[in-house]
Amino acid sequence: MLGDLFGGSNEERAISFQSIWGAGDSLAWQSDSGANVTPDSSFGIVPFYAAVNLISGTISTLPVDVFVRTNGNRVPVRPKPDWVMKPDLDLITGQAHWQQVLISLLVWGNSYTRIFRDKTGKIVNLVALDPTNVDVQRINGRKMYKYSGEEGKMLTSDDVLHITDVLLPGALKGKGRAEALKENLGLGIALQAFAARFFGGGVQTSGIIEFPGTLAKEQAKALVEGFDSQHRGYRRAHKTGILSGGAKYVQTSTPNDANQFLQSREFAVLDIARAFQIPPHMLGVTTGSQARASVEQLQ
């Protein structure tokens, strides 16, 4: 069908979901917390996922129209072009297309929309490209695009609609939030992983067993395994422990309240809310200073 729309063009299109969106490998950024941050792993952080879903899900449902300016007046084009109502002919709904565009912009800082035209130059199809598979270059003073799905062909601004988020001076690509927030997201990933291990390992996250005298290697291993088998895991976390022979359990980890564990997780949510310019209550965080009336006014 698309071949007919393009007037029998020899250009081949791989128009599957895998080849156009999500086919590339995400870049990974090392954070000071030790966690590797990628756009994909960022979606594992609940407030990040909630923020992206809130903005993209809301805006993608808004009505879309097209206008032409005549003698200084903005006049709506009627009838509406088909690509406004259904940008991607073969794959997804209009709402899903705009949501892809917004997610690409919010997470990677760049949205690339491939524009397909017929022989007369009329737009017949729009496809949101995977931002990890697009390379932007400046050639002879003109911005050019290289997409891995169309090897051997350089695309121009007539072929690609490129929208950026935060564009640094001299840069051709926008700055993605996943990369810009790598330290905050890395902390969130580390805190989430720590919480999972904490509740999976029991109340005592780490410690040592002091035993008077000398134990053989097999005896020490049997003592540790016997203690862990009775007390490791959240289902055994509150069982009473007994150590005989003068052995004593000594906790070596710092209590979570001393580490301000909950406060750190809440602060990570607030940082994400600031980055996306979303009121914290929309991400499920209400501080003590936010009365119900204040939340109502913010809403």
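These legends go with a handful of close-up views of a predicted protein model.

**View 1. The whole protein, before we zoom in.**
Let's start with the overall parts list: the protein has 11 helices and 12 strands. It runs to 299 residues, and 34% of them count as buried.

How many salt bridges turn up when the whole structure is searched? The count is 6, and here is one of them: the side chains of Arg78 and Asp65 meet, N to O, at 2.8 Å. Arg78 sits in the loop between strand 4 (73–76) and helix 5 (82–85), while Asp65 sits in the loop between helix 4 (46–59) and strand 3 (67–70), so this pair ties together parts that are 13 residues apart in sequence. Asp65 is partly exposed, at a relative accessible area of 30%.

**View 2. Asp158 and Arg142, a loop tied to a strand.**
Here the side chains of Asp158 and Arg142 form a salt bridge, with 3.6 Å from N to O. What does this pair tie together? Asp158 belongs to the loop between strand 9 (154–155) and strand 10 (160–164), and Arg142 belongs to strand 8 (residues 142–147), so the bridge links parts that are 16 residues apart in sequence. Are the partners buried, exposed or in between? Asp158 is partly exposed at 42%, and Arg142 is also partly exposed, at 38% relative accessibility.

**View 3. Lys175 meets Glu179.**
Another salt bridge joins the side chains of Lys175 and Glu179, this time at 3.5 Å from N to O. Lys175 is partly exposed, with 32% relative accessibility. For Glu179, the relative accessible area is 32%, so Glu179 counts as partly exposed too.

Look at where strand 7 runs alongside strand 8: the two pair in the antiparallel sense over 6 bridges. To get your bearings, find Val136, which stands opposite Tyr145 in strand 8.

Methods. Residues are numbered from 1 along each chain as its sequence is written. This is a predicted model: local features need pLDDT of at least 70, side-chain atom pairs count only at pLDDT 80 or more; totals for chains, interfaces and linings use all residues. Side-chain values use heavy atoms; hydrogens and water are left out. A salt bridge is a side-chain nitrogen of Lys or Arg within 4 Å of a carboxyl oxygen of Asp or Glu. Helices (H or I, at least four residues) and strands (E, at least two) are DSSP runs, numbered from the N terminus. Buried means under 20% relative accessible area, exposed over 50%, partly exposed in between (1.4 Å probe, protein chains only). Two strands pair if DSSP finds at least two bridges between them.
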